[in-house]
Amino acid sequence: MNLPRWADVLLLPLINLVIALLAAALVVALIGQKPLDVMTLLARGAFGTERGLSYTLYYTTSFIFTGLAVAVASHGGLFNIGAEGQATLGGLGTGLVALWLSQKLPAPILLPLMLLGGALFGMAWAAIPGYLQAYRGSHVVITTIMFNFLASTLLVYLLVNPLKAPGGMSVESVPFGPAAHLPGMNEALAWFGVAWPSSPLNISLFLAIVAAVGVWAFLWRSRAGYRLRAVGSSEGAAAYAGIHPKREVIIAMGISGALAGLVGMNEIAGVNGKLLLDFVGGAGFTGIAVAVMGRNHPVGIVLASLLFGALFQGGAEVSFEIPGFSRDMVVTLQGFIVLFSGAMAYVAAPWIARLFQWGARHTARGEVVKASGASNG
Amino acid sequence: MDEALIGALIASTLRVATPLILCALAGLLAERSGVVDIGLEGKMLFAAFAAAAGGAAFGSTSIALLLACGVAVLLSWLHGFATVSHTGDQVVSGMAINIVAAGLTVVLGIAWFHQGGQTTPVGDAVRLRPLWPGAQAGLQALPGVGDFLGPALGEGLLGHNALVYVALALVGGVWWLMYRTRFGLRLRAVGENPHMVDAAGVSVLKLRYAALTLNGVLCGLAGAYLTLAQNAAFAPNMTAGRGYMALAALIFGNWRPVPALLACLLFGFLDAAAIRLQGVSLPGVGQVPVQAIQALPYLLTVILLAGFIGRTVAPKALGLPYVKAR
């Protein structure tokens, strides 16, 4: 009882998304608010103004990075829960390069170095759990959970002790020099004479798009990507074909961590201009929802990131408008999406298949009647 | 070291370890039956909210406890429905429960209590009080040994509420259930080789649901401890990673009750020591950063899992959905 491909790729995910949205609507109704009003306000807050749209795309940027990170690991047969920690380390790498060199180098040389620093730190933080899974037999899910806590503790230690701005009260580093500033979207558009309101949105959005295309090309248009996917779908078959599964595990985790590490370019280089606590803000966990919803495909991930970006921005707007509505409603919806589109993705499948069978029988019988009628006449 | 410090250290170790012990036992039951349980954190968080909300609304300890366990059992069944009945991914389902709990508790808290996600504190009558409040003063009065026994025994061991002793007793209870009953034998078998259990005519589905039900009750107690004993109200994300730490303790204890208890006590002791070592210069080592001690449980678990100290052996069928036809 198999579903047609279009139903499996489009219809089933859509039905699951609708179920998740209905569950969230039920909660909204339960706390005494009108789901439709909330939806309208949310959409207007996310897309209605240039400023709102900018914030939506700013959130989208980080989600694309973490979503791609989870997806690449997933194609290698690994569940990377550690995107949050890898993004934290990525921001740390980006920030350390900026703190070290922002007074000495011009922006065109410094910014690529910061990107490299973030990617390498993220890569290392993911490659260690990958190595431990491949060669020491510890499970990557547990290790990456532990590495999330280790990453946040490490950041706290560094910001409380060696990196703390001298004389400052808050737990953050000194601001970077101007060379370490990744141009905002308003500045970039101003080069072309387009006026755009100032917002956290910066040109790392383009970096995210490039990363999405790069992941697609890597996974489906390169030998290395083919090897990675082969190990993900069947380790035994891949080993029989001469691929080293252990090496692929480390490669998958390394690329995954590097992608998560790029969050630092958006948050540290693009927005904050200094190192501070908790700049990832749960984007690593949202990446799981994004990858689950986007079915681990870059196109799906970009679309799902846009949806979550809109939910986070719109949710913030709604919480200003409606007393008693909090952005945690968006977190709840995120959980429902992971539940219905991820864990329970195929619960609805037999029902839909039955519907298709019924439909097929129905049309087939119609054709039989038509055919017999033709022979009589 | 003086007696007061020993007493305080023992007391806070037990206080911190209690929710870890309850959660680790919960995880042990689920994982020995073959179901990965990353959702400990979310179930404990939701149970803590249910206990606080129930306690504040109805003013009764038993209703609060019942609600906490009820909510956690429902979440466990949801996990079972997704992963045992429909062979969904166990890690994804657990993550979903954690995210839903983190969001929904705050949404409901704001809607019902209007305090930014906090609940109104539960009344003193609802809270769990120390069982023997006079123990310390009584032992202190003893001639000769009173100076030592008062703080160490009175405050450290006898100054706790009932749930602390229940948690300790449950370690023995779970051990007995796992290793001395027919149900326990089957539970362990279903986590190692479900096909064999099925071939023997025992339902894999029922066993795993039974394990998840007990798991929910224990998570409920852990959550209730946080809002009825340790604090008086619910605050957003108040579990703060304790569920994951319990998972670490469970693995550290090699999926066995008594070693898991020891791991929980070790992690609890590290937490208690970290607060007291802040700014203190140790002889020979110098000042130890408090973050290093806080990171130790996670670091130790990683090192243990990597096989550098000892060897962990997970249940063989852990994380694999059971499909009868195979």
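**Close-up views of a predicted two-chain model**

**View 1. Domain 1 and domain 2 of chain A.** The C-alpha centres of domain 1 and domain 2 of chain A lie 28 Å apart. Domain 1 of chain A covers 1–33 + 328–360, and domain 2 covers 52–323; such bounds come from an automatic or database domain assignment. The contact takes 10 residues from domain 1 of chain A and 11 residues from domain 2 of chain A (in contact: C-beta atoms, placed from the backbone, within 7 Å). This is a predicted model: local features need pLDDT of at least 70, side-chain atom pairs count only at pLDDT 80 or more, and totals for chains, interfaces and linings use all residues. Residues are numbered from 1 along each chain as its sequence is written, and chains are lettered from A and ligands numbered from 1 in the order in which they are written.

**View 2. Helix 11 of chain B.** Helix 11 (residues 242–252) of chain B is mostly covered, with 11 of its 11 residues buried (20 or more other C-beta atoms within 10 Å of the residue's own, all placed from the backbone). Helices are DSSP runs (H or I, at least four residues), numbered from the N terminus. Among the buried residues are B:Arg242, B:Tyr244 and B:Phe252. The cover includes helix 6 (140–160) of chain A. Helix 1 (3–32) and helix 12 (257–276) of chain B are also among the covering elements. B:Asn254 follows helix 11 of chain B and has a positive phi, near 60°.

**View 3. Chain A against chain B.** Here 40 residues of chain A are in contact with 35 residues of chain B. Helix 15 of chain A gives the largest share of the chain A side, 11 residues.

Key
Contact = placed C-beta atoms within 7 Å. Buried ≥ 20, exposed ≤ 12 C-beta atoms within 10 Å, placed from the backbone. Helix = DSSP H or I, 4+ residues; strand = E, 2+ residues; numbered from the N terminus.
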